[in-house]
Amino acid sequence: MIREVEQPRRAFVEQVMGLPVSVHVRGPAARDRQVAGAVESLFADLQAADRRFSTWDPRSEVSRIRAGELRLLEAHPEVQLVAELCDDAARRTGGSFSAWLPDAEGEPAFDPTGLVKGWAVERAFDQLLARLAGLGRYDALVSAGGDVVVACTRTDTPDWQIGIQDPRDPAAVLLTLPLRRGAVATSGTAARGQHIIDPTTGRPAAGLLSATLIGASLTWADVYATAAFVRGPDATAWVWTLTDHAAVLVDPSGSVWHS
């Protein structure tokens with residue numbers, strides 16, 4: 001039996017993509033300059049993604065596409081890749097997820113925000129793990145606005161403990177998940193109000209208080225959490241069809257359902 005060892009640990013926090021992103025690293029030299037440099041590169045990767053995909057910055061490629069100044073086929077390959085992933089997400093969710101949502105005038109406009117955050121964080125996280133691997137054996141966790149991705153490359157450390165927030169009380173935790181590798185994504189109204197749009201109606205979804213998906217990929221956990229939230233009460237049957245994912249759903253009465 002391997003004995004757990006208390007490893008040095010360090011946390012880093014920056015505001016990126018309009019939300020707090022925290023990074024936790026544990027391992028023998030977690031407080032050293034080289035580890036800090038690897039984490040700084042992760043933040044730089046996220047900032048670069050924000051510059052390309054922001055719907056608030058008029059200079060971003062996504063904003064220029066929305067304004068009719070740039071054709072999607074002429075955009076950077078990463079933008080085209082994300083657009084393809086969004087199309088795949090629409091197919092996988094039966095239209096409960098879409099990157100074409102009503103703009104201020106009510107016209108469909110390209111908005112990959114619902115996928116790009118999870119995709120960008122997952123990609124930056126994988127690159128962080130590769131950088132840390134060159135320094136030794138480290139565990140890492142990234143939390144971006146409540147969506148979490150973790151990895152443990154050590155065998156002498158405890159599981160990461162991921163708390164799922166109670167949407168009725170931000171100070172309360174519904175349950176805690178022990179996780180060594182994988183992702184947890186939550187969609188709901190607790191932090192940002194009614195911001196998730198149902199693509200089929202063009203109106204805010206309101207059938208659930210929150211939907212949390214747990215899986216191997218943050219990209220897809222995030223997409224499926226959004227789709228489950230949009231589906232509302234129908235999500236309980238739908239999430240059973242998602243291979244290798246678990247779900248925690250909270251309905252407007254406060255009842256908690258999990259697969």
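How many aromatic pairs does the structure hold? The structure, which is a predicted model, holds five aromatic pairs.

**Aromatic pairs**

One of the pairs is formed by Phe53 and Trp119, whose arrangement is edge-to-face, with 5.7 Å from centre to centre and 70° between the planes. This pair links distant parts of the chain: Phe53 belongs to helix α1 (residues 33-53) and Trp119 to helix α4 (residues 113-133), 66 residues apart. Are the two residues buried or exposed? Phe53 has a relative accessibility of 4% and therefore counts as buried. Trp119 counts as buried too, because its relative accessibility is 9%.

Another pair consists of Tyr224 and Trp238. Why is this pair called edge-to-face? The ring centres of Tyr224 and Trp238 are 5.9 Å apart and the planes stand at 75°, so the pair falls in the edge-to-face class, for which the planes must be over 60 degrees apart. Tyr224 lies in helix α5 (residues 218-231) and Trp238 in helix α6 (residues 235-239), so the contact ties together parts that are 14 residues apart in sequence. Tyr224 is buried, with a relative accessible area of 6%, and Trp238, at 9% relative accessibility, also counts as buried. Together with Trp220, these two residues form one aromatic cluster.

**Charges over rings**

Trp220, a member of that cluster, also has a charged residue over its face, namely Arg92. Arg26 is placed likewise over Trp160. The distances are as follows.

| Charged residue | Ring | Distance from the ring centre |
|---|---|---|
| Arg26 | Trp160 | 3.9 Å |
| Arg92 | Trp220 | 3.7 Å |

**Strand β2 and its partners**

Strand β2 covers residues 19-26 and is mostly covered itself, with seven of its eight residues buried. Which strands pair with β2 in the antiparallel sense? One of them is strand β1 (residues 9-16), which pairs with β2 over eight bridges. In this pairing, Val16 stands opposite Leu19 in β2. The hairpin of β1 and β2 has two residues between the strands, and Met17 takes a positive phi near 60° there.

Strand β5 (residues 139-144) also pairs with β2 in the antiparallel sense, over six bridges. Here Val25 stands opposite Ala140 in β5.

Conventions. Residues numbered from 1 in each chain as written. Predicted model: local features only at pLDDT ≥ 70, side-chain atom pairs only at ≥ 80, totals over all residues. Heavy atoms only, no water. Buried < 20%, exposed > 50% of the residue type's maximum accessible area, 1.4 Å probe, protein only. Helix = DSSP H or I, 4+ residues; strand = E, 2+ residues; numbered from the N terminus. Pairing = 2+ DSSP bridges. Phe/Tyr/Trp six-rings, centres within 6.5 Å; stacked < 30°, edge-to-face > 60°. Lys NZ or Arg CZ within 6 Å of the ring centre and 35° of its normal.
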